[in-house]
Amino acid sequence: MAFGRSYGTLMTIKFEFLFVTTLSLPLVSLIICVFLALFFEFDRAVATHCMVRNYLPSLSASIGGFTPQRYIWRTGVAFHSAPRLFVSLMYYNFYNSFASIRNNEFLRKAATVNCIVNMLEILALLLLTYVSSTENYGVHEKMFISFMVFSIAHMLITLYLFRHLRDSDPEDVDLRRSLTWKHRLAVFNWTIFVMSLYFFFRHNKHCEPGVYTLFALCEYLVVLSNIFFHGTAYFDFKDYVFLAKNTRGHRELTD
């Protein structure tokens with residue numbers, strides 16, 4: 001008597017579905033947190049140290065200043081972090097799948113550094129999220145600086161590697177499209193970040209009405225452009241799938 005048992009594929013998940021879901025977690029969490037802060041905690045959320053008129057809560061106030069906002073944001077970031085770490089490893093293998101990078105020691109090391117920097121960016125975001133400015137301002141500030149440094153470094157190295165790939169294969173439409181959007185979003189992110197610093201220091205120095213609102217708006221745009229920059233992975237991996245598959249193949253049991 002024979003008993004058949006298949007050890008084939010048990011589950012298939014398209015990358016585009018998984019990654020869109022992953023990036024939607026912090027995006028939707030942020031929208032919910034800002035909405036709750038504006039409609040239920042407006043006066044406290046927009047208050048500043050010099051008591052000037054302000055119309056928009058800062059990022060820290062929206063996601064970490066009140067409950068349930070801090071729990072919503074922490075949950076969204078936590079659940080999106082593990083898939084992001086896997087994507088970092090996917091990019092490392094993606095770069096090394098090209099002979100022009102695999103056979104070039106400098107570019108191979110750049111791909112390795114980029115993977116490590118991206119993972120550090122994700123870990124800094126986790127610590128930044130779970131240690132709010134009201135709980136421990138020193139740690140929160142250091143993690144924010146670390147997050148921005150790793151984020152900018154990751155964007156720079158990514159653009160460098162993708163420009164090399166585009167030049168080595170100028171006919172690849174997906175590579176060109178991916179690089180174009182990466183470049184646009186990175187430049188936008190850096191520009192807005194510099195503007196946020198300007199508005200932050202101007203507010204602290206002059207305490208003008210509305211300036212802190214511009215700073216808060218820049219904060220949100222920095223976060224959104226960072227999310228969408230990582231979202232360009234859609235162009236690079238849209239045809240990939242994740243499989244839950246037993247590698248032993250098919251086995252027949254006999255009695």
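1. Which element gives the most to the lining of the second largest pocket? That element is H1, with 7 residues. This is a predicted model, in which local features need pLDDT of at least 70 and side-chain atom pairs count only at pLDDT 80 or more, while totals for chains, interfaces and linings use all residues. Residues are numbered from 1 along each chain as its sequence is written, and side-chain values use heavy atoms, with hydrogens and water left out.

2. The second largest pocket holds about 150 Å³ of space. On a 1 Å grid over the protein atoms alone, a pocket is an open set of points with protein on both sides within 12 Å along at least five of seven lines, a cavity is a set of points where a 1.4 Å probe fits but cannot get out, and lining residues have an atom within 4 Å of a point. Grid points are joined across faces, edges and corners, and a volume is the space filled by probe spheres set on the points. The lining of this pocket includes Phe-15, Glu-16, Phe-19, Ile-227, Phe-228 and Tyr-234. H1 and H9 are the elements that give two or more residues to this lining; helices (H or I, at least four residues) are DSSP runs numbered from the N terminus. By class, the lining has 8 nonpolar, 2 polar and 1 charged residues, where Ala, Val, Leu, Ile, Met, Phe, Trp, Tyr, Cys and Pro count as nonpolar, Asp, Glu, Lys and Arg as charged, and the others, Gly among them, as polar.

3. The largest pocket has a volume of about 1300 Å³. Its lining comprises 47 residues, and Ser-60, His-140, Phe-144, Phe-215 and Glu-219 lie nearest its centre. Among the elements that give two or more residues to this lining are helix H1 (15-40), helix H4 (69-96), helix H8 (173-206) and helix H9 (211-231). The lining divides into 26 nonpolar, 17 polar and 4 charged residues.

4. There is 1 cavity of 30 Å³ or more, and about 170 Å³ of space lies in the largest cavity. Of its 18 lining residues, Tyr-91, Asn-118, His-154, Thr-158 and His-230 lie nearest the centre. H4, H6, H7 and H9 each give two or more residues to the lining, and H4 gives the most, with 6 residues. By class, 9 of the lining residues are nonpolar, 7 polar and 2 charged.

5. The axes of helix H6 (residues 105-130) and helix H7 (residues 137-168) come within 8 Å and cross at roughly 150°. Axes are lines fitted to C-alpha atoms, for helices over the stretch in contact, and angles run from 0 to 180 degrees between N-to-C directions. H6 is therefore roughly antiparallel to H7 (angles under 35 degrees count as roughly parallel, over 145 as roughly antiparallel, 65 to 115 as roughly perpendicular and the rest as oblique). The crossing of H6 past H7 is left-handed, meaning that the near helix is turned anticlockwise from the far one by less than a right angle. This contact has 19 nonpolar, 8 polar and 1 charged residues.

6. H7 and H9 pack at an angle of about 40°, with their axes 12 Å apart. H7 is therefore oblique to H9. H7 passes H9 in a left-handed crossing. The H7 residues Phe-147, Met-148, Ser-151, His-154, Met-155 and Thr-158 meet Val-222, Asn-226, Phe-229 and His-230 in H9 (contact means heavy atoms within 4.5 Å). These residues divide into 5 nonpolar, 5 polar and no charged.
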